[in-house]
Amino acid sequence: MQFVVFWNINWLKQRLCQKPLSGREFYIYSFCWLILLSLSFFGTPVIEKDPVTTIFLYLEFAIPVTGLLYAWLCNGGPQGQDFISRFISIGWVVTMRIMVFSLPIFFVLAFAPMEESDLMFETAGTLSGLFIIWRLGHHIEQLRKLQESPKSQ
């Protein structure tokens, strides 16, 4: 039995269409994602004096909040089903996939001149976050439509 899917988003959507995650599966996805999010806080400065970096800090807060609302709406809003388990499991797979493809970009940016590296890292991180949210909403909406299609026939 496969508990955590790292790559195959189509398999996961088919699985979620058949039945919701079990408590154990939901726990494993939640735990993995929380570990990943916790790791992202290492090295984050507490006090920023640069106005551009301050703007990015506000964006880093606004993007997940807006993304959560976007994903909820893609799931059908108040009429949606199993939002949290879909959000966590699909979000995990989408994040893993985008991380794999964005790591080479961040590796190249690591060799950028020090004066520009912070701004480039923040920009790349923000764009990666936006891309994750867009793909997450897309897959949640596809799953919702996939589940609704047998009902309409």
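Biologist: Let's start with S128. Is S128 buried or exposed?

Modeller: S128 counts as buried, because its relative accessibility is 15% and the cut-off for buried is under 20%. Keep in mind that this is a predicted model.

Biologist: Okay, and where does S128 lie?

Modeller: S128 is part of helix α5.

Biologist: What does S128 touch, if I skip residues up to four places away in sequence?

Modeller: S128 then touches I98, S102 and F106.

Biologist: Where is the place of M120, then?

Modeller: M120 is in helix α5. Its relative accessible area is 29%, so M120 is partly exposed.

Biologist: And what is M120 in contact with, leaving aside its neighbours within four places in sequence?

Modeller: M120 is in contact with L109 and A112.

Biologist: Which residue forms a salt bridge with E141, with N and O atoms 3.4 Å apart?

Modeller: That's R144: the closest N and O atoms of E141 and R144 are 3.4 Å apart. Both residues lie in helix α5, which covers residues 114-152, and they sit 3 residues apart, about one turn of the helix.

Biologist: What about E141 and K145? How do their side chains meet?

Modeller: They meet in a salt bridge too, at 3.8 Å, N to O. E141 and K145 are 4 residues apart in α5, again about one turn of the helix.

Biologist: And which residue does E148 pair with in a salt bridge?

Modeller: E148 forms a salt bridge with R144, with 3.5 Å between the closest N and O atoms. These two are also in helix α5, 4 residues apart, which is about one turn. Salt bridges with shared partners join E141, R144, K145 and E148 into one network.

Biologist: Nice. Is R144 buried or exposed?

Modeller: R144 is buried, because its relative accessible area is 16%. The other members are partly exposed: E141 has 27% relative accessibility, K145 has 47%, and E148 has a relative accessible area of 39%.

Biologist: New topic: helix packing. At what angle do α1 and α4 pack?

Modeller: About 175°, with the axes of α1 (residues 9-18) and α4 (residues 83-109) 10 Å apart. That angle makes α1 roughly antiparallel to α4, since over 145 degrees counts as roughly antiparallel.

Biologist: Which residues make the contact?

Modeller: On α1 the contact is made by I9, L12, K13 and L16. On α4 it is made by R86, S89, I90, V93, V94 and R97. By class, the contact of α1 with α4 has 6 nonpolar, 1 polar and 3 charged residues.

Biologist: How about disulfides, how many does a search of the whole structure find?

Modeller: The search finds 0 disulfides. As for cysteines, C17 counts as partly exposed, because its relative accessibility is 22%. C74 is buried, because its relative accessible area is 6%.

Biologist: Last one: what is the phi of D82?

Modeller: D82 has a positive phi of about 50°, although it is not a glycine. For background, most residues other than glycine have a negative phi.

Biologist: Where is D82 found?

Modeller: D82 is in the loop between α3 (51-74) and α4. Its relative accessibility is 35%, so D82 counts as partly exposed.

Methods
Residues numbered from 1 in each chain as written. Predicted model: local features only at pLDDT ≥ 70, side-chain atom pairs only at ≥ 80, totals over all residues. Heavy atoms only, no water. Axes fitted to C-alpha atoms, helices over the stretch in contact; angles between N-to-C directions. Parallel < 35°, antiparallel > 145°, perpendicular 65-115°, else oblique. Contact = heavy atoms within 4.5 Å. Nonpolar A, V, L, I, M, F, W, Y, C, P; charged D, E, K, R; others polar. Salt bridge = Lys/Arg side-chain N within 4 Å of Asp/Glu carboxyl O. Buried < 20%, exposed > 50% of the residue type's maximum accessible area, 1.4 Å probe, protein only. Disulfide = S-S within 2.5 Å.
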